Amino acid sequence: MIKFMLIEFKKNCNLKQVILYFFSIILLCILITFIENNMLSEKLGYKFNLMSFFEYNSTFLLCKLIFPIFTLYLSSLVFAADYSEGTLKYFLFSGITRIKLCLGKIIFLMISSIITIIIVFVGLGSTYLLFYGIDNSINYILKAFYSYMLLGIGCFPIILITVLMSIVFGQHIKTLFGSIGILIFSLCVDSVLGDKFYTPTGFISNANLYFSEISICQTYIIMLGVYVIILNIIILTLFKLKDIWS
């Protein structure tokens, strides 16, 4: 399982792709911070400190839509593209069991989600310092980092739903657009429900709450665990039954 996860990293993370991925996120962070600096700070008279800046951005466009779409693209590529190109058949011929194959891919996607949110955190933090300078202690920065890590983990349900769709459809483009549609619809439902964790994106929409009450984080972890366990059981069952030889 771990061996196959490492194979996924080698296959999907060549140096050119990693550099492009990193700089595209950093540029988005700079662009969004520049807009906030000019529109919110000057026109609306909104004064940021480092914590309010991180909290605001945790539910802003970058973390609520762009970051999840990055992860959905990778999720659909890892499963659906491998299926349509016949790569899955090659791995199964090499003696890897379906369970190890599937879990290796899922672990790769989850780690990729965490790595991406760390890049987002570094990008936002760096551009904040560029525009505003240092105004908070290391404790505040660590609290913000913890909250952003929870945000990265919060993408697990929508990632697993994309994996599920990949297994069902077996086509990269159909899976990608279907999962983006579910993402947008679920975010719209979140805007009506408020601070609930009922939808797959409830953990993304309510990321600003992780900066405050511990009880909310406990509820978050329990609901997230339920989502992840149920979706993994469904995925592993379907993948075992999936006919990939036709």
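Which residues do ring pairs link into a cluster? They are Phe 121, Phe 145 and Tyr 148. The model in these views is predicted.

**Figure 1. Overview of the protein chain, a predicted model with 11 helices and zero strands.** Along the sequence the pattern reads α-α-α-α-α-α-α-α-α-α-α. The protein chain has 246 residues, of which 48% count as buried. Among contacts between residues at least 6 apart in sequence, 81% join residues at least 24 apart. The number of disulfides in the structure is zero.

**Figure 2. The largest nonpolar core, with 61 residues.** The residues with the most contacts inside this core are Phe 54, Phe 79, Leu 109, Val 120, Leu 124, Tyr 148 and Ile 235. Helix H6, residues 98–132, gives the most to the core, with 13 residues. In soluble globular proteins, nonpolar side chains tend to be buried together.

**Figure 3. Surroundings of Ile 235, one of the residues with the most contacts inside the largest nonpolar core.** Leaving aside residues up to four places away in sequence, Ile 235 touches Cys 102, Ile 106, Leu 160, Val 163, Leu 164 and Ile 167. Cys 102 has a relative accessible area of 0% and is therefore buried. Leu 160, Val 163, Leu 164 and Ile 167 are among the buried residues of helix H8. Another cysteine, Cys 188, is partly exposed, at 45% relative accessibility.

**Figure 4. Helix H8, residues 156–169, largely enclosed by the rest of the structure.** Of its 14 residues, 12 are buried, so the helix is largely enclosed. The buried residues are Phe 156, Pro 157, Ile 158, Ile 159, Leu 160, Ile 161, Thr 162, Val 163, Leu 164, Met 165, Ser 166 and Ile 167. At 1.5 Å a residue, H8 should span 20 Å, and its end C-alpha atoms are 20 Å apart, which agrees. Gly 170 follows H8 and has a positive phi, near 70°.

Figure 5. Buried in H9 are His 172, Thr 175, Leu 176, Ser 179, Ile 180, Leu 183, Ser 186, Leu 187 and Asp 190. An α-helix has 3.6 residues a turn, so residues three or four places apart point the same way. Phe 177, Phe 185 and Val 192, on the other side of H9, are exposed. The helix is followed by Gly 194, whose phi is positive, near 80°.

**Figure 6. The edge-to-face pair of Phe 121 and Phe 145.** By the ring-pair rule, the count comes to three aromatic pairs. In this one the ring centres are 5.3 Å apart and the planes stand at 75°; planes over 60 degrees apart count as edge-to-face, so the pair falls in that class. The pair links distant parts of the chain, with Phe 121 in helix H6 and Phe 145 in helix H7 (residues 138–153), 24 residues apart. Phe 121 counts as buried at 10% relative accessibility, whereas Phe 145 counts as partly exposed at 30%.

**Figure 7. The edge-to-face pair of Phe 203 and Tyr 227.** The centres are 5.7 Å apart, with 90° between the planes. Phe 203 lies in helix H10 (residues 202–205) and Tyr 227 in helix H11 (residues 214–241), 24 residues apart, and the pair links distant parts of the chain. The relative accessible area of Phe 203 is 0%, so this residue is buried. Tyr 227, at 18% relative accessibility, also counts as buried, because the cut-off is under 20%.

**Figure 8. Thr 116 and Tyr 128 in helix H6.** Thr 116 counts as buried at 2% relative accessibility. Not counting residues up to four places away in sequence, Thr 116 touches Tyr 21, Ile 25 and Phe 67. Tyr 128 is buried as well, with a relative accessible area of 1%. The C-alpha atoms of Tyr 128 and Cys 29 are separated by 9.3 Å, although these residues are 99 apart along the chain.

Conventions. Residues numbered from 1 in each chain as written. Heavy atoms only, no water. Core = buried A, V, L, I, M, F, W, Y, C linked by side-chain atoms within 4.5 Å. Buried < 20%, exposed > 50% of the residue type's maximum accessible area, 1.4 Å probe, protein only. Helix = DSSP H or I, 4+ residues; strand = E, 2+ residues; numbered from the N terminus. Contact = heavy atoms within 4.5 Å. Expected span 1.5 Å × (residues − 1). Phe/Tyr/Trp six-rings, centres within 6.5 Å; stacked < 30°, edge-to-face > 60°. Disulfide = S-S within 2.5 Å.
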